[in-house]
Amino acid sequence: TAGLIFTSADVAAQKIDDAGKSLDSKRVAASGVIGLAIFGPSAHLWFAWILRLLPGSGFFSLLAKTALGQVFFGPYITSVFFAAALWCSGSLTWPAFRSKLKADLWPTILAGLGFWPLMDFIAFWLLSED
């Protein structure tokens, strides 16, 4: 499921960003592989772990899960995307990756704070076992 969602999202993003240009099939394939092989399994393990660590659906439990997701899982998966983007451009090296993280990780995380905490809160609320 994650592979299909990531593939579809990348096709949509390319259609919006690069209207009139042909699709970058390497980027579409990389997005699908990230969704299928990395994000899907990682998210499964993350949600299983965090739901065991902080059971319940109370407000403070949901806030704690959301905060931990923003501090740990968000930067992890963002870093994976940065590595994939560098790989797609043919410039994935350790120095390039470190430079990308230094330049873009915090701005990306901060930009996502307007969207992802709410999505995490809702997801944890829906997944809680209470």
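The questions and answers below concern a predicted model of one chain.

Q: What pattern does the chain follow when read along the sequence?
A: The secondary structure comes to 5 helices and 0 strands. Read from start to end, the chain therefore contains runs of helix, as defined by DSSP. The pattern is α-α-α-α-α.

Q: What share of the residues in the chain is buried?
A: A residue counts as buried when its relative accessible area is under 20%. The chain has 130 residues, and its buried residues make up 32%.

Q: Which elements give two or more residues to the largest nonpolar core?
A: This core has 12 residues in all, among them Phe6, Trp46, Leu62, Phe73 and Phe124. The elements that give two or more residues to this core are helix 2 (25-53) and helix 3 (59-88).

Q: How many residues are in the other core, which includes Phe82 and Leu86?
A: The largest nonpolar core includes Ile77, Val80 and Ala84. Apart from this core lies another, with Phe82, Leu86, Phe97 and Leu105 among its members. The number of residues in that other core is 5.

Q: Which residues does Ile77 touch, not counting residues up to four places away in sequence?
A: Ile77 is one of the residues of the largest nonpolar core. With residues up to four places away in sequence not counted, Ile77 touches Ile38 and Phe39.

Q: Is Gln14 buried or exposed?
A: Gln14 is found in helix 1 (residues 2-17). Not counting residues up to four places away, Gln14 touches Ala19, Ser22, Leu23, Asp24, Arg27 and Val28. The side chain of Gln14 also reaches the backbone nitrogen of Asp24 at 2.7 Å. Its relative accessible area is 3%, so Gln14 is buried.

Q: Is Gln70 buried or exposed?
A: The place of Gln70 is in helix 3. Leaving aside neighbours within four places in sequence, Gln70 is in contact with Pro75, Leu113, Trp116, Pro117 and Asp120. Because its relative accessible area is 16%, Gln70 is buried.

Q: How many residues apart in sequence are the parts that Asp10 and Arg27 tie together?
A: Asp10 forms a salt bridge with Arg27, and their closest N and O atoms are 2.6 Å apart. Asp10 counts as buried at 8% relative accessibility, while Arg27 is partly exposed at 27%. Asp10 lies in helix 1 and Arg27 in helix 2, so the pair ties together parts whose separation in sequence is 17 residues.

Q: By about how many helical turns are Lys100 and Asp104 separated?
A: The side chains of Lys100 and Asp104 meet in a salt bridge, at 2.6 Å from N to O. Lys100 counts as partly exposed at 25% relative accessibility, and Asp104 is partly exposed at 26%. Because Lys100 and Asp104 are 4 residues apart in helix 4 (residues 94-112), their separation is about one helical turn.

Q: Is Leu118 buried or exposed?
A: The place of Leu118 is in helix 5 (residues 116-127). With Ile122, Trp125 and Leu126, Leu118 forms a nonpolar patch on the surface, with about 440 Å² of accessible area together. The relative accessibility of Leu118 is 52%, so Leu118 counts as exposed.

Notes:
Residues numbered from 1 in each chain as written. Predicted model: local features only at pLDDT ≥ 70, side-chain atom pairs only at ≥ 80, totals over all residues. Heavy atoms only, no water. Core = buried A, V, L, I, M, F, W, Y, C linked by side-chain atoms within 4.5 Å. Buried < 20%, exposed > 50% of the residue type's maximum accessible area, 1.4 Å probe, protein only. Contact = heavy atoms within 4.5 Å. Patch = residues over 30% accessible without salt bridge, like charges linked within 9 Å, V, L, I, M, F, W, Y side chains within 5 Å. Areas by Shrake-Rupley, 256 points an atom, 1.4 Å probe, with all protein chains shown as cover. Salt bridge = Lys/Arg side-chain N within 4 Å of Asp/Glu carboxyl O. Polar contact = N/O pair within 3.5 Å; in protein donor to acceptor, adjacent residues only side chain to side chain.
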